[in-house]
Amino acid sequence: MPELPEVETVVRSLGPRLIGQRIESVRVLFRPLLRQSHPLALQALKGARILGLRRRGKMVLLDATNGLSLLLHLKMTGRLLLCPKEKTLGKHTRLIIALGDEEELRFEDSRKFGFVRLIKTEKAEEAAELKSLGPEPLELGMKRFCELLHHRRGRLKSLLINQSFLAGIGNIYADEICFEARLHPSTEVSRLGHREKRRLWSAIRTVLTNAVAARGTSIRDFRDGEGREGGFQAFLRVYGREGEACFFCGARIKRLRLAGRSTHFCPRCQRKGRSSVSS
DNA sequence: GTCGATGTTATCAA
DNA sequence: TTTGATAACATCGA
């Protein structure tokens with residue numbers, strides 16, 4: 001579920017409300033959430049205060065005053081919620097971080113794919129989960145983007161969702177970006193012309209920026225830090241629209257399987273190859 | 001009740 | 001390097 005815009009929305013909605021709060025206790029309700037690490041390790045956060053929340057790719061980093069950071073991945077169905085302590089626990093609550101006053105931060109995750117891990121803040125960039133990530137798509141200039149693209153091969157969609165190429169793009173936004181760029185998702189990346197590369201770079205910026213502005217996409221599970229839905233689902237142009245008319249040309253949106261993922265595109269607007277000639 | 005699909009990603013084989 | 005299949009799991013809808 002949560003891709004860059006959703007994680008960014010969580011961080012923005014929660015950050016200001018968490019800064020300065022003291023961590024009163026940490027309770028792990030689902031041990032595998034920690035992967036290999038020991039449950040007691042998380043107790044090192046106790047007593048520290050929260051410096052802030054950050055995002056890197058699809059990951060959340062909670063920095064504490066004692067030099068430790070909690071790394072979180074929401075995977076498909078993870079949610080990070082700030083709520084009153086007395087609020088009834090959801091069925092899928094996996095972690096509770098009680099804060100100084102009347103509130104606590106809860107990690108909920110029905111499918112149990114998400115995980116958390118404690119790391120040293122100063123070593124954050126070296127953590128395996130972050131080290132392998134490509135650059136932030138919204139902090140990348142066009143020239144550098146074209147350079148990164150230069151020696152890559154494979155299908156466009158596979159590359160877009162590859163976290164070591166760019167960090168944060170997942171299935172929904174990959175499809176939307178391909179549409180915005182008018183490129184077929186199975187386009188061979190090595191055959192993109194310079195013009196198409198620029199169009200792609202620009203499409204990435206447009207789609208992600210708009211999605212962040214709309215506070216993410218809530219198709220099913222996504223909620224921000226206060227339990228609110230996002231709004232970008234109203235602006236999706238291909239994802240989840242199989243069989244419906246393309247808003248631009250009226251052709252039926254098609255769906256195929258690519259890189260193991262459901263892939264949506266307009267067969268008329270997104271033709272393979274040579275599209276740089278016409279634009 | 002059953003089947004297939006779901007926004008993520010690690011791992012393995014080819 | 002890259003792809004495809006698979007697995008982790010619960011829920012939803014047909």
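Predicted model: local features only at pLDDT ≥ 70, side-chain atom pairs only at ≥ 80, totals over all residues.
**Conventions.** I took residues as numbered from 1 along each chain as its sequence is written, with chains lettered from A and ligands numbered from 1 in the order in which they are written.

**DNA strand B.** I looked up the residues near this strand (one heavy atom within 4 Å of it). There are 21 around DNA strand B, and Met-1, Lys-58, Arg-220, Tyr-239 and Ser-262 come nearest. By class I noted six nonpolar, six polar and nine charged residues. The classes put Ala, Val, Leu, Ile, Met, Phe, Trp, Tyr, Cys and Pro as nonpolar, Asp, Glu, Lys and Arg as charged, and the others, Gly among them, as polar.

The side chain of Tyr-239 has an N or O atom 2.4 Å from a phosphate oxygen of DNA strand B. Bases of DNA strand B are contacted too: a polar side-chain atom of Arg-111 is 3.2 Å from a base oxygen, and a backbone N or O atom of Phe-222 is 3.3 Å from a base nitrogen.

**DNA strand C.** I found 13 residues around DNA strand C, with His-92, Ser-110, Arg-111, Lys-112 and Arg-155 closest. Phosphate oxygens of DNA strand C lie 2.8 Å from a polar side-chain atom of Lys-112 and 2.9 Å from a backbone N or O atom of Arg-155.

**Salt bridges.** I counted 19 salt bridges, each a side-chain nitrogen of Lys or Arg within 4 Å of a carboxyl oxygen of Asp or Glu. Glu-103 pairs with Arg-17 at 2.9 Å between the closest N and O atoms. This pair links strand S7 (residues 103-109) to helix H1 (residues 4-18), 86 residues apart; helices (H or I, at least four residues) and strands (E, at least two) are DSSP runs, numbered from the N terminus.

I checked burial (buried under 20% relative accessible area, exposed over 50%, partly exposed in between; 1.4 Å probe, protein chains only). Glu-103 is buried at 19%, whereas Arg-17 is partly exposed at 31%.

Arg-17 also meets Glu-226 in a salt bridge (2.7 Å, N to O). Glu-226 lies in the loop between helix H6 (194-213) and S9, so this pair ties together parts 209 residues apart in sequence.

Terms used
Heavy atoms only, no water. Polar contact = N/O pair within 3.5 Å; in protein donor to acceptor, adjacent residues only side chain to side chain.
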